[in-house]
Amino acid sequence: MNITSVKYILDEDGNNCQVITTIDGQQLFVPMDENNRHWIAIQDWVAGGNTIEEAG
Amino acid sequence: MGNARSLADNLPLTGATGNRNIIINGAMNVSQRHGGSVVSVAPSDHYVVDRFKIQDYSDATFNSQHDYDGPAGFTYCSKLTVTGTDTSLGTTQYQRFLQPIEGYNMRHLKWGTADAQTVTLSFYVKSSLTGTFSVFVFNNSATRSFISTYTISAANTWERKTVTITGDTTGTWEKSANVGAYIGWSLGTGTNFQTSTLDAWDGSFKMAGTSQVNFAGTNGATWQVTGVQLELGTKATEFENEDYQATLAKCQRYFFSWNSTGLTDNLYIRSPYASGTPPNTSASVAYTFPVTMRAAPTMATSYNFSRFTASVHNAVAQIGSTSQGNAYATTSWTADAEF
């Protein structure tokens, strides 16, 4: 997967509830679920030195 | 007597007589993502039809298609066509076509225990190339693998192949919502993942025998497959056809696609009120999935929602800030809980 951007989204209480990302050119809403393949790929992307942008 | 003998010969040796295919969408009938379109395989991880994907980690390129060209008894197949060659695969390069099997769906095989059950894989295959090809099974952590080969004898001719896979009595095999096993077909495998140990379990990650044809080495080459069945026992019984709705529901556990047929069935949000006490400038709509999904899915839509969250049960689309009387709609969206 080619991940080009990842940004947190806040819930009504101001907590990170998911991320919005662009993967292979497609915008996706990804849950922070360890069984979700896109979230797993994002974790690998972070482990590779990248950072998820804060919401705002 | 002849009919009775014929009936007996075609019954499974072990387990149920119905709902015995562990593979989902083995007849390739469901294609929610691409319909029958010819699609360029990019990026590397690409679902051709529901539950079956090609993974291309080489310099080759392919087209994929949910094609009408099935053998007798089948309408559809998955078809791959080489559009750009890789005639010399690197040691770790490969292309493969596979289905990840959820642990829940194979826990009855009891792999990883002394009671591990033997299964039999059968499938129909057709290729413009002849020669030796490989099928593989490996576990979630890729620490256990089983390789067998099959021969395509005649070009451009449907052939049915059968492989019996002895149950693995060791190793770790997931039994829940993670991948229990990957089962698939090598289309070309670098030497690091080749083995001369065939039809036996190996304590490392392998995907092909040493004589595997490099499908990607021939521009325009085609490879097609359908009628995939994995069942308990040592016998390949006739393919178990199931009605479309049953297959679709199984597929929707992993991927769900919504396409509106008109304004009345759009996923439709209308702001309740704009401001006041308490202030509320957001609006949302929920949708309950037709089946429980494997995991919280990734949501995709053409509409720019503020949030599009989902659990295994439902999705909630939300507009973060709106004024009174506004309405928003999305006409298509997907929920993806595939592996």
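1. How many cavities of 30 Å³ or more does the count come to? The count comes to 2. Bear in mind that this is a predicted model.

2. Take the largest cavity. Its space is about 140 Å³. The lining is made up of 14 residues. Closest to the centre are B:Gly26, B:Phe239, B:Glu240, B:Glu242 and B:Thr247.

3. What is the lining of the largest cavity by class? There are 7 polar residues, 4 charged and 3 nonpolar. Gly counts as polar here, so B:Gly26, one of the residues closest to the centre, falls in the polar class.

4. Now the second largest cavity. Its volume is about 40 Å³. The lining consists of B:Ile101, B:Met106, B:Leu109, B:Trp111, B:Val119, B:Val137, B:Ile165, B:Ala181, B:Ile183 and B:Leu230. By class, that lining has 10 nonpolar residues, with no polar and no charged ones.

5. Next, the sheet in chain B. It is open and has 6 strands. Their order is β1-β4-β5-β15-β7-β10, with antiparallel pairing. From one strand to the next, the twist averages 25°.

6. Which strands of chain B form the edges? They are β1, residues 38-40, and β10, residues 159-165. Each of these pairs on one side only.

7. The partner of β10(B) is worth a look. Strand β7 of chain B covers residues 119-127. The β7 strand and β10(B) share 7 bridges in the antiparallel sense.

Note on methods: Residues are numbered from 1 along each chain as its sequence is written. Chains are lettered from A and ligands numbered from 1 in the order in which they are written. This is a predicted model: local features need pLDDT of at least 70, side-chain atom pairs count only at pLDDT 80 or more; totals for chains, interfaces and linings use all residues. Side-chain values use heavy atoms; hydrogens and water are left out. Two strands pair if DSSP finds at least two bridges between them. Helices (H or I, at least four residues) and strands (E, at least two) are DSSP runs, numbered from the N terminus. Axes are lines fitted to C-alpha atoms, for helices over the stretch in contact, and angles run from 0 to 180 degrees between N-to-C directions. On a 1 Å grid over the protein atoms alone, a cavity is a set of points where a 1.4 Å probe fits but cannot get out, and a pocket is an open set with protein on both sides within 12 Å along at least five of seven lines; lining residues have an atom within 4 Å of a point. Grid points are joined across faces, edges and corners, and a volume is the space filled by probe spheres set on the points.
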